[in-house]
Amino acid sequence: MVLRAPRLRDGRAWSEIRLRNEMWLNKWEPSSPHGWAERNALTAWPPLASALRKAGRSGSMLPFVIAYGGRLVGQVNVSNVVHGALRSCTIGYWVDVSVAGRLIVPTAVALTIDHCFTAVGLHRVEIDIRPENTASLRVVDKLGMRREGYYERYLDIDGDWRDHIAFAVTVEELHGGTMLSRLPSLPQLP
Ligand SMILES: CC(C)(COP(=O)(O)OP(=O)(O)OC[C@H]1O[C@@H](n2cnc3c(N)ncnc32)[C@H](O)[C@@H]1OP(=O)(O)O)[C@@H](O)C(=O)NCCC(=O)NCCS
């Protein structure tokens, strides 16, 4: 499994997966006045990829795509990157349903958090999850992240303001180790 920056030539793979995964992804994603087909068309990728890369260069985001067995299967986005006294960020993610259940996202998130705590110099990482999203709750559980609070009507998701549970980890909680070493085992390539 590889985490890397999004590329313009990822468009075809990204659009194919996103269109095929509408039922799997739409209910967990930000509300939009545009339909799923429009938001995830091949033509939607170049402006999105450019915006992600620009945000990555400025340091306000760390946008990654997940490649597994050599093909794009999902994304991990680090957003709300704040430096100064807070040195915190928020992580979001998704993966193609055809490879769900292989520990791909927990592994990708562990690598991302380790990167945030080392190269980026952040102190805290937050992940916010709807209480109904049992699969995503398993991700933070496997990573051993600490439940911090409950945000009512926090994010505009799937057409309404949705409550979220906030999970966090600060660098001290790793006691000099890594998030990756917290995972039970690494996924095998098929
Ligand atoms: C949440 C998500 C990213 C987890 O990624 P993953 O790489 O499959 O993570 P895991 O392999 O650790 O699986 C996590 C849980 O998903 C569930 N799961 C696994 N395969 C599944 C499948 N084919 N269909 C439905 N749920 C499945 C299981 O409950 C699993 O927990 P378990 O290992 O204790 O059985 C993925 O389910 C997803 O992309 N969901 C839709 C988008 C989303 O919810 N994003 C997060 C918003 S906060």
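Mentor: Start with S6 and S7. They pair in the antiparallel sense, over eight bridges. Bear in mind that this is a predicted model.

Trainee: Which residue in S7 does Ile-157 stand opposite?

Mentor: Ile-157 faces Asp-160 in S7. The hairpin of S6 and S7 has two residues between the strands. Asp-158 takes a positive phi there, near 50°.

Trainee: What about phi at Arg-153?

Mentor: Positive, about 45°, although Arg-153 is not a glycine. Arg-153 lies in strand S6.

Trainee: Is Arg-153 buried or exposed?

Mentor: Exposed. Arg-153 has 10 C-beta neighbours inside 10 Å, and the cut-off for exposed is 12 or fewer.

Trainee: And phi at Arg-87?

Mentor: Also a non-glycine with a positive phi, about 45°. Arg-87 sits in the loop between strand S3 (71-82) and S4. With 17 other C-beta atoms within 10 Å, Arg-87 counts as partly exposed.

Trainee: Back to the sheet. What's the strand order?

Mentor: S1-S2-S3-S4-S5-S7-S6. That is seven strands in an open sheet, with mixed pairing. Strand S1 (2-4) and strand S6 (146-157) are the edges. Each has a single partner strand, so one side of each lacks a neighbour in the sheet.

Trainee: How far are neighbouring strands turned against each other?

Mentor: By 30° on average, direction ignored.

Trainee: In which sense do S4 and S5 pair?

Mentor: Parallel. Three bridges join S4 to strand S5 (residues 124-129). Cys-89 stands opposite Val-125 in S5.

Trainee: How many bridges join S5 to S7?

Mentor: Six. S5 and strand S7 (residues 160-170) run antiparallel. Arg-124 is opposite Thr-170 in S7.

Trainee: Switching topic. Which residues touch the most other members of the largest nonpolar core?

Mentor: Ile-66, Ile-91, Val-109 and Ile-113. The core has 39 residues. Helix H5 (residues 104-117) gives the most to this core, seven residues.

Trainee: What does Ile-91 touch?

Mentor: Leaving out residues up to four places away in sequence, Ile-91 touches Val-76, Val-78, Val-109, Thr-112, Val-125 and Ile-127.

Trainee: Now the ligand. Which residues come nearest?

Mentor: Ala-100, Gly-101, Val-105, Ala-135 and Arg-138, out of 21 residues around the ligand.

Trainee: Which elements give two or more residues to that shell?

Mentor: Helix H2 (22-25), strand S4 (88-95), H5 and helix H6 (134-142). H6 gives the most, with five residues.

Trainee: How does the shell divide into nonpolar, polar and charged?

Mentor: There are 15 nonpolar residues, three polar and three charged.

Trainee: Last one. Where is Leu-52?

Mentor: In helix H4 (residues 45-58).

Trainee: Why does Leu-52 count as buried?

Mentor: Because Leu-52 has 20 C-beta neighbours inside 10 Å, and the cut-off for buried is 20 or more.

Trainee: What is Leu-52 in contact with?

Mentor: Pro-6, Met-61 and Pro-63, setting aside neighbours within four places in sequence.

Trainee: What separates the C-alpha atoms of Leu-52 and Tyr-93?

Mentor: A distance of 14 Å. Along the chain, Leu-52 and Tyr-93 are 41 residues apart.

Methods. Residues are numbered from 1 along each chain as its sequence is written. This is a predicted model: local features need pLDDT of at least 70, side-chain atom pairs count only at pLDDT 80 or more; totals for chains, interfaces and linings use all residues. A nonpolar core is a set of buried Ala, Val, Leu, Ile, Met, Phe, Trp, Tyr and Cys residues joined through C-beta atoms within 7 Å. Helices (H or I, at least four residues) and strands (E, at least two) are DSSP runs, numbered from the N terminus. Two residues are in contact if their C-beta atoms, placed from the backbone, lie within 7 Å. A residue is near a molecule or strand if its C-beta atom, placed from the backbone, lies within 6 Å of it. Ala, Val, Leu, Ile, Met, Phe, Trp, Tyr, Cys and Pro count as nonpolar, Asp, Glu, Lys and Arg as charged, and the others, Gly among them, as polar. Two strands pair if DSSP finds at least two bridges between them. Axes are lines fitted to C-alpha atoms, for helices over the stretch in contact, and angles run from 0 to 180 degrees between N-to-C directions.
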